[in-house]
Amino acid sequence: MSARLRAALAVVGLGLASMAMAQGSTMDEIARYREMLADGNPAELLELKGESLWKTPRGPKNASLEQCDMGLGPGKLDGAYAQLPRYFADTRKVMDVESRLVHCMVSLQGFKYEDVTRQWFSRPGQESEIEALVTYIGGKSNGMKIDVPARHPEEARMAKMGEYIFYRRSGPQDFSCAICHGQDDKRIRLQELGNLTTRAGAGVAMSTWPSYRVSQGAVWTMQRRLIDCMRQARWPEPKYLSDSVIALQVYLQKTASGTVMQTPGIKR
Amino acid sequence: MRHRLIALALITLAPLPALAQSKPAGDIASQAEQIFRGSFRDDNPAYWMKRLDQDETMRLCSQFKDNPPARVRHKIEKAEMASIRYPVDGKLIGDWKEGEKLAAVGTGGHIGFIQPDPPGRVRGGNCYACHQLAKKEVAYGTIGPSLQHFGKLRGNTEQIIKYTYDKIYNSNAFTACTNMPRFGLHNWLTPEQITHIVAFLVDPESPVNKD
């Protein structure tokens with residue numbers, strides 16, 4: 001993103017914050033902000049970059065990702081994100097969009113795992129290929145329903161473990177996911193909180209990631225989102241692509257199933 | 001003997017992360033515990049990892065999804081009540097101005113490698129994250145009940161002051177598995193800091209009651 005666009009967004013963000021204070025409903029303001037940016041969610045630039053990264057031959061094997069199987073067959077991306085995480089017979093693992101993408105970058109393109117995942121999220125001045133690729137893959141499910149029935153025994157097991165982790169309390173503040181995301185119509189400060197135990201609440205959350213986060217000036221993937229939730233819970237830092245983050249996603253996607261995907265989202 | 005050997009073999013296999021997803025289905029809770037603990041970066045120091053340990057209350061609240069049956073609830077509340085400690089001088093009401101500051105501070109205690117709090121950062125009570133308090137602060141959360149006019153409505157008798165102190169020190173002594181943290185039990189706030197928040201809530205001069 002250009003410095004000018006970033007600066008303009010920062011100004012809009014500040015304006016929004018004060019409006020929200022005055023008017024009470026952050027969600028209304030974000031809805032208006034979304035409208036204002038309807039023609040230019042900054043994440044759309046990243047989507048284009050992701051498309052080019054997907055199609056360009058790269059890596060030691062000089063291969064593109066076009067033969068990557070995201071669950072619907074090699075190269076079939078339409079609707080793939082909406083049906084992840086899922087069990088993959090070739091790795092015998094339940095994988096989310098990011099772990100499968102990294103698997104393809106390693107197996108098809110020949111990149112080293114450590115190299116691909118080093119920059120798994122962006123920092124100011126350091127873009128992340130994974131963020132761009134996930135944004136592109138997410139866009140390929142727009143208009144389609146989230147569909148993670150978790151029927152395969154391994155998927156069902158991961159959904160149950162995700163549910164267990166969702167309610168697991170620990171740390172110096174006695175936190176779990178559920179204390180903030182287990183009830184309807186609650187707020188933390190002015191931020192409205194979704195009830196992720198219901199289809200409606202989980203649907204709003206899951207259908208709009210990856211999302212451009214105004215406060216961060218960056219697109220966040222679901223791994224980034226959940227790993228930051230654990231930071232907020234004052235827990236130690238999870239590994240990128242770890243099983244508990246994937247298990248939580250299976251639980252949440254299963255709960256959200258039936259909701260129509262609309263990515264990239266825009267969040268506070 | 002044979003069972004013991006099998007158990008030993010399982011324990012030996014358990015920590016290998018590659019096997020985490022391929023274990024045969026069994027007790028979900030114990031599998032999930034294993035997966036959860038194996039999901040953190042190896043370079044988290046041991047004293048950070050201790051934050052994942054659960055005491056009996058955390059374990060029971062998780063097991064019952066924060067809605068334990070009456071028998072368990074009473075057991076938790078009794079044990080938590082016994083944990084409450086008081087300031088050395090026995091004075092439970094402090095300075096409401098200090099309490100006002102603590103109620104607004106939401107930082108402190110974040111660890112990890114991406115965005116930790118700087119060392120020594122003040123930990124606040126972060127009361128406004130969940131409660132309405134002074135009228136002038138409009139950015140309040142609603143996870144907990146409104147505490148506006150707390151003292152005005154309840155008075156500031158010795159009994160109310162003690163209840164308020166105890167509730168902040170250990171919320172679970174009154175409501176097992178409540179969303180509210182146990183601020184005193186975890187040493188998140190010192191007994192002295194808790195007395196300041198008590199003052200913020202019950203002192204007639206505090207903006208919680210005056211405005």
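In strand β7(A), G265(A) is the bridge partner of S211(A), and this pair belongs to a predicted model. Strand β5 (residues 211-213) of chain A and β7(A) run parallel and are joined by 3 bridges. The points below place these strands in their sheet, and then turn to a pair of helices and to the contact between the chains.

**The sheet in chain A**
- An open sheet with mixed pairing is formed by 3 strands of chain A, which follow the order β6-β5-β7.
- The edge strands, each of which pairs on one side only, are β6 (218-220) and β7 (265-267) of chain A.
- On average, and with direction ignored, neighbouring strands of this sheet are turned by 35 degrees against each other.

**Two packed helices**
- Helix α3 (residues 43-55) of chain A packs against helix α6 (residues 129-139) of chain A at an angle of about 95 degrees, and their axes are 7 Å apart; α3(A) and α6(A) are therefore roughly perpendicular to each other.
- Among the residues that meet here are L46(A), L53(A) and W54(A) from α3(A), and L133(A) and Y136(A) from α6(A).
- The residues of this contact of α3(A) with α6(A) comprise 7 nonpolar, 3 polar and 5 charged.

**The contact between chains A and B**
- Chain A contributes 40 residues to the contact, and chain B contributes 46 residues.
- Several elements of chain A each supply at least two residues of the side that touches chain B, including β2 (93-95), α8 (177-181) and α11 (243-256), while α7(A) gives the most, with 7 residues.
- The side of chain A that touches chain B has 18 nonpolar, 6 polar and 16 charged residues.

Key: Residues numbered from 1 in each chain as written. Chains lettered and ligands numbered in written order. Predicted model: local features only at pLDDT ≥ 70, side-chain atom pairs only at ≥ 80, totals over all residues. Axes fitted to C-alpha atoms, helices over the stretch in contact; angles between N-to-C directions. Helix = DSSP H or I, 4+ residues; strand = E, 2+ residues; numbered from the N terminus. Parallel < 35°, antiparallel > 145°, perpendicular 65-115°, else oblique. Contact = placed C-beta atoms within 7 Å. Nonpolar A, V, L, I, M, F, W, Y, C, P; charged D, E, K, R; others polar. Pairing = 2+ DSSP bridges.
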